Amino acid sequence: MNDTIQYHVDRFADIEVLRYRVPGFEDLSLRDKLLIYHLSEAALAGRDILFDQNCRYNLWVRQTLEHIYLTWSGDRQTADFQAFETYLKRVWFSSGIHHHYATNKFTPGFPAAYLDTLLNDTRFEGDRQLLHRLLFDPDFMAKRVNLQAGDDLVATSANHFYEGVTQQEALDYYTALSDSTDPHPVSHGLNSRLEKAADGSLHEVVWKDGGEYSRAIGEIIRHLEQASAYTENEAQRKVIELLIAYYRTGDLHTFDAYSIAWTQETGSRVDFINGFIETYGDPLSLKGSWESIVNFKNLEATRRTERISSSAQWFEDHSPIDPRFRKKEVKGVSAKVINAAILAGDSYPATPIGINLPNADWIRAEYGSKSVTLENIMQAYDKAAEGNGFAEEFYETEEDRSRLHQYGFLTDVLHTDLHECLGHGSGQLLPGTSPDALQSYASCLEETRADLFGLYFLADPELIELGVIPDSEAYKAEYYRFMLNGLMTQLVRIPLGEELEEAHMRNRQLIARWVYEQAASDQVVELVRHDGKTYLRINDYERLRTLFGRLLAEIQRIKSEGDYEAGKRLVETYAVKIDPVLHQEVLERYAGLHLAPYKGFVNPVYTLVRDAQGRITDVRIDYSEGYTDQMLRYAREYSFLTTK
Ligand code: ZN
């Protein structure tokens, strides 16, 4: 395949939209292509669910704005209309009115009176006052996920996971459901909204066929059934069957059965996730945001992760943690490198670069987990960043930069491999420790643990032995990148004066700040200033590795013992607050580069190709669809939920 596809697609607000290639799709068998095709349809069918989960008014807002965008006949060249268009693009990108990452509400760049002009001209008959409040009132539905310590995190979060419920009521409700002696607890609350009835009682509204989101889920089921005709083996067919059964019943035991079957199914080329999976959108980390990714194995690159995962027990035995917290027997970590074929729901347009599932601790302990690195996505990021001036601005020396150029992509991918394939799966809870003990700090601490595991072992000679890293210099590229990002450059995503909230960003700063503080006295790591600019300098990479190991030991202890207070202290001390002077400097230097701090992707388009008799002969992949065209087409073809 040629490399001339245009990676840059669109640019607005703090967003850049890219395109990713799907190398190897053309060479798949027709059956695999058809499997991907139908799974992709199942992925796109769930689109509206996430909009509604993110905020109960999102679908209504989106559809109102789309109607204006498509029908308004006024002058489209004015600054106000351009700002309106940007706002709509942001709503698409975030699956709602809150920033996809920072989770605060973003503000339109056009005046409120202009909204009235548009509404008048398009004969809008809905609730104007509500629409105005949603777009312009900064205090109304201010934050999708509020993690501010001391606030009622449930009542003050604008997501649609709870209705009329306080944090204490939600905690009480789920504590009452959980049985700490049950070795196989279901993920209570994962697929439902908790609501308070008029009489004050609490009940769950379950997301399932025949329940909430029924029409979208019905469509997902229909496409899964079609996909099931093209499965590669019996185990894969069983996975789809269990997923359909789960969507029909909403039964969380069935979800666990599905998760186990999915984890154990490692023989097929094509794979997918589809469901209520990650819980970052819920301040209590219980409710799953809907997402789907369809993918297939990158055979060449998978040899790399297979070498790592086949040594999983060696890594576990050599992890720098208290031996009591090590897994005696690491259960099948199956790691593979994949190419994403479609991104949907919570993984679209912004997407993770690595995934490790399932999330249930007991399933991971007994059945292992599946870990993937999304190679074609990382490649697209890498290609799009070529020559953008970032390293020239923020790296101190030519030596730091040349390490980045020589090893940066490899060690970044490898860190992701280690994070996903070994990090999340490592360690064990002490008997009797509740998997929910860390509450609102759980997501951040779990990411911290996985990142540290990856950082620690990235510098291990064992990786050279395994042939996945070329020499003992390479890891330094990732150490420098990680520390620079955690101490400084990730702040480009945060407006001045705000704090860190997102789990991964908190995790990176926790690690970098903690290490920096420990290292300050003997200058293992320094922030130096010259030419009016702050630079990271790492003087002792070996010692830095030791510090990563020490912090890993402490984070593992916190998780294994469920030490909520210690976890809270670490997060609140290192992961939340930002040095305002350094923040301002980083923002100014970054602004000079004219880059977008957030990126996402448009999907390719898959079309069935038929011969004269109407038989399907191929599935064509096309990369030419633009961002707005894709969003409008998805709205036309995959709008299955009605609005408020
Ligand atoms: Zn992770």
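**Reading the zinc site, salt bridges and sheet**

Me: Let me start with one residue. Is His424 buried or exposed?

Reply: His424 is buried, with a relative accessible area of 9%. Buried means under 20% relative accessible area, exposed means over 50%, and partly exposed is in between (1.4 Å probe, protein chains only). Before we go on: this is a predicted model, where local features need pLDDT of at least 70 and side-chain atom pairs count only at pLDDT 80 or more, while totals for chains, interfaces and linings use all residues. Residues are numbered from 1 along each chain as its sequence is written, and side-chain values use heavy atoms, with hydrogens and water left out.

Me: Got it. Which residues are the protein donors of the zinc ion?

Reply: Donors are N, O and S atoms within 2.8 Å of the metal (3.2 Å for Na, K and Ca); water is not among the atoms, so sites may look incomplete. Here the zinc ion has His419 (NE2), His424 (NE2) and Glu447 (OE), at 2.1 to 2.2 Å. Along the sequence, their spacing reads H-x4-H-x22-E. His419 is buried too, at 7% relative accessible area.

Me: Now the charges. How many salt bridges are there in the whole structure?

Reply: Side chains of opposite charge can pair when their charged atoms come close. The rule used is a side-chain nitrogen of Lys or Arg within 4 Å of a carboxyl oxygen of Asp or Glu. A search of the whole structure turns up 48 of these salt bridges. Take Asp10 and Lys89, whose closest N and O atoms are 2.9 Å apart. That pair links distant parts of the chain, with Asp10 in strand β1 (residues 8–12) and Lys89 in helix α4 (residues 79–94), 79 residues apart. Helices (H or I, at least four residues) and strands (E, at least two) are DSSP runs, numbered from the N terminus. Asp10 is buried at 17%, and Lys89 is buried at 11%.

Me: What about Arg62 and Glu66, where do they sit in helix α3?

Reply: They're four residues apart in helix α3 (residues 58–71), which means about one helical turn separates them.

Me: Which residues are linked with Asp322 in a network of salt bridges?

Reply: The network ties together Asp322, Arg324, Glu554, Arg557, Glu561 and Asp563. Within it, Asp322 and Arg324 come to 3.3 Å between their closest N and O atoms. Asp322 is partly exposed at 29%, and Arg324 is partly exposed at 44%.

Me: And how do I read the sheet? What is the strand order in the open sheet of five strands?

Reply: Strands of a sheet pair through backbone hydrogen bonds, either parallel or antiparallel. Two strands count as paired if DSSP finds at least two bridges between them. The order here is β6-β7-β8-β10-β9, with mixed pairing. β6 (270–276) and β9 (354–357) stand at the edges, each with a single partner strand, so one side of each has no neighbour in the sheet. From one strand to the next, the twist averages 35°; axes are lines fitted to C-alpha atoms, for helices over the stretch in contact, and angles run from 0 to 180 degrees between N-to-C directions. Strands β8 (residues 333–345) and β10 (residues 369–374) run parallel, joined by six bridges. Val337 has Thr373 as its bridge partner in β10.
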